[in-house]
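Walk through this protein chain from its overall build to its local details. Keep the structure open beside the text.

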Amino acid sequence: MTESSANKTVNGEVCHRATNGIKPGRNGLVKNHYLYQQQQKYCHPDEKVYHVACNGGLYSRPFNESFEETPMLVAVLTYMGYGILTIFGYLRDFLRDWKIEKCHIAREREEQRDFVPLYQDFENFYTRNLYMRIRDSWNRPICSVPGAKVDLVERVSRDYNWTFDYTGKVVKDVINMGSYNYLGFAENTGVCADAAAEVTTKYGVGVGSTRQEMGNLDRHEELEKLVAKFLGVESAMAFGMGFATNSMNIPALTGKGCLILSDELNHASLVLGARLSGSTIRVFKHNNMQSLEKLLRDAIVHGQPRTHRPWKKILILVEGIYSMEGSIVRLPEVIALKKKYKAYLYLDEAHSIGALGPNGRGVVDYFGLDSRDVDIMMGTFTKSFGAAGGYIGGKKELIDYLRTHSHSAVYATSMSPPVVEQIITSMKCIMGEDGTTIGRDRVQQLAENTTYFRRKLQEMGFIIYGNDDSPVVPMMLYMPAKIGAFGREMLKRNIGVVVVGFPATPIIESRARFCISAAHTKEMLDMALSVISEVGDLLQLKYSRHRILPSLDRPFDETTYEESED
């Protein structure tokens, strides 16, 4: 089961106390983390449903994260489901080997059997026998702007999802609950679309060169100055691909003799970049400050393996919002540890930039911190800005170094001019430099939509993960058969959702992941919630033992729960 946030803060003060009158459940333990500056420092040793970190003045706002544990019966049935699928998978592989059942997957020809195998049968076991059963839940082509509603190309499979045929029909006006369109800037009308079209007319679509040769446009220069101003840093640099921003720049920052401390749930781009760097990598438990501090202390005390020389540098890799858990990094504590042990901090704000903070400036703005305390600020333009690419911000010396040493800067083609203009226009809207309040209104609307949607799901009895302010809302499905069933039933009712299973999540923690947008109206959210409740009853997905009692106007610290007897 997923490890929740740390129960110990940097000053070592931990409280375990029951709140709101909840009694410990047999299998439905709720792990909720609440931090606030005005909280009193006292502990009740006999009650331990909620873990409350009392950390003095590090936090200036409420910080609520809940990860309700998997009910024991659900966990047992989930393992049984995977076990049955595995048994039938081996049976079908046996039938395929004896040519009784046709095998659609790539494999070696008979005359190549004596050579080094190109395809490992066992490694593809999950793809053949489990993924193919629910493959229709992914890769659905859309034929419209990925806004609050989308149009889907209808497809059917006549060979159990091995291949798909397109019917030529279009499923219209599907409510989009899966795209990262947090602020609703993915649109084909409005000021951003008009500006991108005008720049396309002037500059064209492609650049045809790298930034260091003939591909450095005045729009690129303006974008980087605007990003630096938006983040509150000395300088910034833009890249054409968000994934490459991490995977190609981390190797330029660290190397042999350096230590990288990485959160266990970091994105694949961070993991790849760390591996390509050649640095030593050590992983700490997700958002667990006690685990991180232990690794930092051990690194300082013992140094490098065998030689025990001091590490050349220690780099901490974290994300602003974790896209599968919906949790927010405990940034005030990470910064305190970073300062205490003289480490460097690399913050990936792919999902948090634009989506968090009163000004939409990410997790640093959300906690009211100083951006100068973060050494490397990374983010993408793919989500909140409705464009593509990524950026890195920090001190001028850092950015000047990356301009000459980053593979993504030296060898990659420059960003497309209309994409650059989309970013500039949307960022100016968020900053209010367009002379309107459109950006600020969207940031506020996203926060309201997130709070409303999360609260309603909890009131219905679903288990949802993450922080109360995170627009990424994972809803637990658990059993493998319910992954595909949930996606299909939702689409039948004109709601498009993203479902996620192993290996992207732990094997018993399959889930649906909703991404809330400022473009969603209350009517859209109510329609989606009604359908989710209907499908939840149909598939028996309301697993939570602690339902929030419905209330429209409730302060953040007056949430009331009731204990389920089921």
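Start with the whole. The model is a predicted one. The protein chain holds 16 helices and 20 strands. It has 566 residues, and 54% of them count as buried. Look next at how the chain contacts itself. Among contacts between residues at least 6 apart in sequence, 71% join residues at least 24 apart.

Now turn to the interior. In soluble globular proteins, nonpolar side chains tend to be buried together. Here, the largest nonpolar core has 109 residues. Within this core, Leu457, Phe486 and Phe514 touch the most other members. Helix α16, residues 522-539, provides the largest share of the core, with eight residues. A separate core of 18 residues lies apart from it, including Ile260, Leu270, Leu317 and Met378.

Leaving out residues up to four places away in sequence, Leu457 touches Phe462, Ile464, Val473, Met475, Phe514, Leu529 and Ile532.

Follow α16 itself. The helix has 18 residues. From its first C-alpha to its last it reaches 25 Å, close to the 26 Å expected at 1.5 Å a residue. An α-helix has 3.6 residues a turn, so residues three or four places apart point the same way. Just after the helix, Gln540 takes a positive phi of about 55 degrees.

Next come the empty spaces. Rolling a probe the size of a water molecule over the atoms shows where empty space is left. The second largest pocket contains about 440 Å³ of space. It is lined by 18 residues, and those closest to its centre are Tyr344, Asp375, Ile376, Lys395 and Leu398. Helix α11, residues 396-405, gives the largest share of this lining, three residues. By type, the pocket lining divides into eight nonpolar, four polar and six charged residues.

In the second largest cavity lies about 90 Å³ of space. What lines this cavity? The lining consists of Arg211, His220, Met237, Ala238, Phe239, Gly240, Ser408, Ala409, Ala412, Thr413, Ser414 and Met415. Strand β7 (235-239) and helix α12 (407-410) each supply at least two of the lining residues. β7 gives the most, with three. The cavity lining comprises six nonpolar residues, five polar and one charged.

Gly232 sits between α4 (218-231) and β7. Gly232 is partly exposed, at a relative accessible area of 44%. In sequence, Gly232 and Asp370 are 138 residues apart, yet their C-alpha atoms are 8.5 Å apart in space.

Another loop, between β10 (314-319) and α9 (331-341), carries Ser323. Is Ser323 buried or exposed? Its relative accessible area is 12%, so Ser323 counts as buried. Beyond residues up to four places away in sequence, Ser323 touches His351, Val472 and Arg513.

Finish with the backbone. Phe502 and Pro503 are joined by a cis peptide bond, with omega about 10 degrees. Pro503 belongs to the loop between β17 (498-500) and β18 (510-515).

Positive phi values also occur outside glycine. Lys99 has a phi near 60 degrees. This lysine lies in the loop between α1 (72-97) and α2 (125-129). Lys99 is exposed, because its relative accessible area is 66%, and the cut-off for exposed is over 50%.

Asp173 is another case, with a positive phi of about 55 degrees. Its setting is strand β6, residues 165-176. At 45% relative accessibility, Asp173 counts as partly exposed.

Notes:
Residues are numbered from 1 along each chain as its sequence is written. This is a predicted model: local features need pLDDT of at least 70, side-chain atom pairs count only at pLDDT 80 or more; totals for chains, interfaces and linings use all residues. Side-chain values use heavy atoms; hydrogens and water are left out. On a 1 Å grid over the protein atoms alone, a cavity is a set of points where a 1.4 Å probe fits but cannot get out, and a pocket is an open set with protein on both sides within 12 Å along at least five of seven lines; lining residues have an atom within 4 Å of a point. Grid points are joined across faces, edges and corners, and a volume is the space filled by probe spheres set on the points. Helices (H or I, at least four residues) and strands (E, at least two) are DSSP runs, numbered from the N terminus. Ala, Val, Leu, Ile, Met, Phe, Trp, Tyr, Cys and Pro count as nonpolar, Asp, Glu, Lys and Arg as charged, and the others, Gly among them, as polar. A nonpolar core is a set of buried Ala, Val, Leu, Ile, Met, Phe, Trp, Tyr and Cys residues joined through side-chain atoms within 4.5 Å. Buried means under 20% relative accessible area, exposed over 50%, partly exposed in between (1.4 Å probe, protein chains only). Contact means heavy atoms within 4.5 Å. The expected span of a helix is 1.5 Å times one less than its number of residues.
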